[in-house]
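Visitor: Hi! I'm new to this one, could you walk me through it?

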Amino acid sequence: MCTFGLAFLRIRGLENKCYNYSISSIRRIHSSPQFLTNHEFFEDEESKPSFTNEELMVKRNKSRLYPWHQKQINGENPHEVPRHWYHHTIKYKRKLYAQFGEQSGINPGIQWPIDKELQSRLEYESVAYPFTIQELIANVKEKRRLEQEYFTERTKEIETKVASMDKVIKEVLDKKAAREKELLKAKERKEKLMEEVRRHFGYTVDPKDERFQELMTKKEKEERKKLKDVKKLERETKLLERLQKRASTASVETGNPETEKSII
């Protein structure tokens, strides 16, 4: 059997022996003269052993913490004397003074940045905040002025549109009516063409029939051609009217009626 197993069995044997003691036997042992001789009892105050406060604090400390950890928990400076290399750094000393103040025993002037830190801070501020206070104030004023101008112009625009709201609504309704009228005309033209195709065959034909669709396509082309000719004629009429108006204006200015005939 291994050593660990033997030790375990010995411990178990001792436990069994302890369990076998009765309460009466324990009382008998405590009342024996040998026990009283080996364990002294102090009846008066003078016979008690004297301990210093430091020794008492050590005996009372049951946390088993290091002294610096104990100080840290109690809110005291954990290291009055530096013990590690980083205790000599400026960063650690600044942190220690910020936490414990004058109790840390550190000169408060250490909080002021050194030349290297000050130069780095100035370079950072020159990049992060390139404008002076006067320039920032001027920029804010200019921004507010532009915002006020935009607000004023926008307000005027809204007021103008609200004033002409009736006119705009009328225009929208007129456009809608014109659009509906055009759609109605187109529908009527299509129905008229379909009726002409049916009359061409002399009987009712399914609109999906190929012959019906061919003739319908032909009729639509003819209708588009007629509309195109009508629009062309309207353009020519408008052009002629414009030329006649120009000629009449020129004849009035020159006083020669032959000018109108030459232009036409």
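What follows is a chat about the helices, the cores, the surface patches and the salt bridges.

Visitor: So what kind of model am I looking at?
Guide: This is a predicted model.

Visitor: OK. How many helices and strands are there in the protein chain?
Guide: The protein chain has eleven helices and zero strands. Reading along the sequence gives the pattern α-α-α-α-α-α-α-α-α-α-α.

Visitor: And what share of the residues counts as buried?
Guide: Of the 264 residues in the protein chain, 9% count as buried.

Visitor: Which residues make up the largest nonpolar core?
Guide: That core has six residues, namely L193, M194, V197, F212, L215 and M216. Helix 9 and helix 10, which spans 210-254, are the elements that give two or more residues to this core.

Visitor: What about a second core, what does it include?
Guide: There is a second, separate core of five residues, and among them are Y92, L96, I106 and I110. As background, nonpolar side chains in soluble globular proteins tend to be buried together.

Visitor: Let's move to the outside. Which residues form the nonpolar patch on the surface?
Guide: The patch is formed by I158, V162, M165, I169 and L173. Together these residues have about 450 Å² of accessible area.

Visitor: Which helices supply at least two residues of it?
Guide: Helix 8 (133-163) and helix 9 (165-201) each do. Helix 9 gives the most to the nonpolar patch, with three residues.

Visitor: Pick one for me. Where does I169 lie?
Guide: I169 lies in helix 9.

Visitor: Now charges. Which residues gather in the patch of positive charge?
Guide: K228, K231, K232 and R235 gather there, on the surface. One of them, K232, is found in helix 10. K232 is partly exposed, with a relative accessible area of 45%.

Visitor: How many salt bridges does the count come to?
Guide: The count comes to seven salt bridges.

Visitor: Show me one. What does R145 form a salt bridge with?
Guide: R145 pairs with E149, and their closest N and O atoms are 2.4 Å apart.

Visitor: How are R145 and E149 placed in helix 8?
Guide: R145 and E149 are four residues apart in helix 8, so about one helical turn separates them. R145 counts as partly exposed at 37% relative accessibility, and E149 counts as partly exposed at 36%.

Visitor: Which residues are linked with R145 in a network of salt bridges?
Guide: E142, R145 and E149 are linked in that network.

Visitor: Is K170 exposed or buried?
Guide: K170 counts as exposed, because its relative accessibility is 52% and exposed means over 50%.

Visitor: Last topic, the tryptophan. Where does W68 lie?
Guide: W68 lies in helix 5, residues 67-73. W68 is partly exposed, with a relative accessible area of 22%.

Visitor: How far apart are W68 and H79 in sequence and in space?
Guide: W68 and H79 are eleven residues apart in sequence, and their C-alpha atoms are 6.3 Å apart in space.

Visitor: Thanks, that gives me places to look!

Methods
Residues numbered from 1 in each chain as written. Predicted model: local features only at pLDDT ≥ 70, side-chain atom pairs only at ≥ 80, totals over all residues. Heavy atoms only, no water. Patch = residues over 30% accessible without salt bridge, like charges linked within 9 Å, V, L, I, M, F, W, Y side chains within 5 Å. Areas by Shrake-Rupley, 256 points an atom, 1.4 Å probe, with all protein chains shown as cover. Salt bridge = Lys/Arg side-chain N within 4 Å of Asp/Glu carboxyl O. Core = buried A, V, L, I, M, F, W, Y, C linked by side-chain atoms within 4.5 Å. Buried < 20%, exposed > 50% of the residue type's maximum accessible area, 1.4 Å probe, protein only. Lys, Arg positive; Asp, Glu negative; His and termini not counted. Charge placed at Lys NZ, Arg CZ, Asp CG, Glu CD.
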